[in-house]
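Please read them with the model open.

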Amino acid sequence: MKTKVKKIVVVGGGVGGWLSASWLKTKHPELDITLIESDKVGTIGIGESVLPRLGTMLSDIGLEEREWMSYTHSIYKLGNKFIGWNIPGKRDHVTNHWWPSKFDESYYGFSYALPEEHLASSYYNQLKTTDLFYNSKGKEGVNDKWNDYWLQLARDGRKNLWEIAQDTQEATYLMDYCKSPYDMNDNLMLGSWESLTYHIDANRFPKLIKDRVAIPKGVKHIHGHISEIKKDADGYISSVVTDAGEEYSGDLFLDCTGFHRVLTKEMDVEWKPYNEITTDNLIFAPIKYNDPVKEMRPYTMSNAMDEGWLFIISLYNRMGSGYIFDASEISPEDAMKKYKKYWEGHEFIREPRHIKWDAGKYDTQWNNNVVSIGMTGGMIEPMEANVLALAQAGMKMVERIISRADENDEVIGKASIKAYNSNLNWLFDNITKFVDYHYTLSDRTDTPFWAKKHQRGIDENHKEEIWKQYRNPRCTPESGVPDYMWAQVAVSMDKFDDDVELHVRPDLLEKANESFEWLRKSSKRNGIYAPNAYEWNKKMLFGDRTHSEVLEESLKPQDEDS
Ligand SMILES: Cc1cc2nc3c(=O)[nH]c(=O)nc-3n(C[C@H](O)[C@H](O)[C@H](O)COP(=O)(O)OP(=O)(O)OC[C@H]3O[C@@H](n4cnc5c(N)ncnc54)[C@H](O)[C@@H]3O)c2cc1C
């Protein structure tokens, strides 16, 4: 940075832009922040499944959860369900339709409530952190993980590998029975720290943050299409110019233009493709419920397909669904046919659309005085809801760096920028690895797509790599992919064997077993007695309005922009 950061220009009015502007303005009201968005280019309008830390961020900027949930037609998301990712299923000899094995259903929930100090807090207080758990921040003396105890019990034949989620994640039964995490008296039935997240209507999300946070807090909003960028002799952006000739200067520029990368592509940056990610095409549409009591699932469905996977994200008023596929294995036209066939018997609210992106990232995310936020800096693929999480990581780090700059500092130091780039690079690469292993650890070889992924997993020894990640102290909840998620995927893909090193204290094994049993029983009981997700949402969030009434209302044009 060449000057102290006083004036920030955010380009782009999607979730990335409005959330960045709101976050920075909340933390630093003294900053002069202007957001410029084009009326010629819309927002992407997809991205409806998010990670738990989004809720914390929205609450930190002053949004009240229930209020924003009803505005954005949100429901609680308790995790992901992966169907058909590993075991060969059966094919219908007439239609060639593939039916996954009934044993190949895995729930990946959030065990953020479990590890370390949260396990020792009231809900799970039979175990003490200091007894059992390694500390990812480097506390001495213990090198144990909660998951190691479960894995040891599985190795001893006392746990069923298919049921890791049932024993270690308290929301599994709620997901399985399509239930709400709150009862009708609004008591949370989870032990809770960040066990919950959301499905959010992507089209209403930017407007919510703009109207309820950014504008009231003083972010200036400009409608303008940036068509010229002015730089100084050192390659720093001095101002951006709209096609109406209006010029805006700033000390720091956040590029939140998504795939348009309006500022970033003018910088001296190199694109690094993620060639291993071949699933970079999507066909998607909003879909009407046939029966929300059964279909309003409090989790993101991730169904394996012959050339990729298909997501289903339930909102209150509708579902969002997309087929993510490898275009070297199926053409977009055939993928469209397959997608429509999948949804036969349901009504599309809008005709399905096709988009494609390049999987990869820029080698540096902060260049001179330009920071590329979220999809602007790179895109992997949407599995496990990673995309907005990367944008959040970026905006939070920018804020921390601004905070750390001393009152009298005239510049943001090169070391901070270097640290930013190194962190973001690691996050992108780490999540890419995680996404990739979902394919390459599979034992499916029944289509050319799965056969090629399976072979690469063997060639590159991903089985060993995934367990290294489980032991990697950087894989904390902040990384988006905490240790237990690597273990969960490895176990679900049947890649746990005697070679995997575990650290347990034999004297604590029985106690751990009791805890797992207790967790399982209590979460099953909750699963049985909890209210149906749709019924709960209808009464508690949507004032008894049905899903179709809310849908009808949401199809009317939104209020004029401020
Ligand atoms: C296939 C896919 C699936 C996804 N799924 C998920 C998911 O499940 N969960 C999740 O968390 N995220 C997901 N995402 C990511 C999510 O959609 C984005 O992170 C989120 O919508 C934020 O987008 P954005 O604000 O960066 O960009 P956009 O929404 O594309 O907004 C870009 C903005 O830039 C402006 N702009 C463009 N050009 C100019 C110009 N010349 N001058 C001025 N303004 C300009 C536009 O007007 C617009 O306001 C997904 C993304 C994709 C592609």
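1. In this predicted model, the crossing of H12 past H13 is right-handed. On the H12 side, the contact is formed by Leu390, Ala393, Gly394, Met397, Ile401 and Arg404. H13 contributes Ser416, Tyr420, Asn423, Leu424, Leu427 and Phe428.

2. By class, the residues of this contact between H12 and H13 comprise 8 nonpolar, 3 polar and 1 charged.

3. As for geometry, H12 covers residues 387–404 and H13 covers residues 414–440. The two helices pack at an angle of about 165°, and their axes are 11 Å apart. H12 is therefore roughly antiparallel to H13, since angles over 145 degrees are counted that way.

4. H12 also takes part in the shell around the ligand: H12, helix H1 (15–27) and strand E2 (32–37) each provide at least two of its residues. There are 36 residues around the ligand, and those that come nearest are Gly14, Gly16, Gly47, Gly258 and Leu388.

5. The make-up of that shell is 19 nonpolar, 15 polar and 2 charged residues.

6. His260 sits in the loop that runs between strand E13 (252–255) and strand E14 (271–273).

7. His260 and Thr376 are 116 residues apart along the chain, yet their C-alpha atoms are separated by 7.2 Å.

Definitions and conventions. Residues numbered from 1 in each chain as written. Predicted model: local features only at pLDDT ≥ 70, side-chain atom pairs only at ≥ 80, totals over all residues. Axes fitted to C-alpha atoms, helices over the stretch in contact; angles between N-to-C directions. Helix = DSSP H or I, 4+ residues; strand = E, 2+ residues; numbered from the N terminus. Parallel < 35°, antiparallel > 145°, perpendicular 65-115°, else oblique. Left-handed = near helix turned anticlockwise from the far one by under 90°. Contact = placed C-beta atoms within 7 Å. Nonpolar A, V, L, I, M, F, W, Y, C, P; charged D, E, K, R; others polar. Near = placed C-beta within 6 Å.
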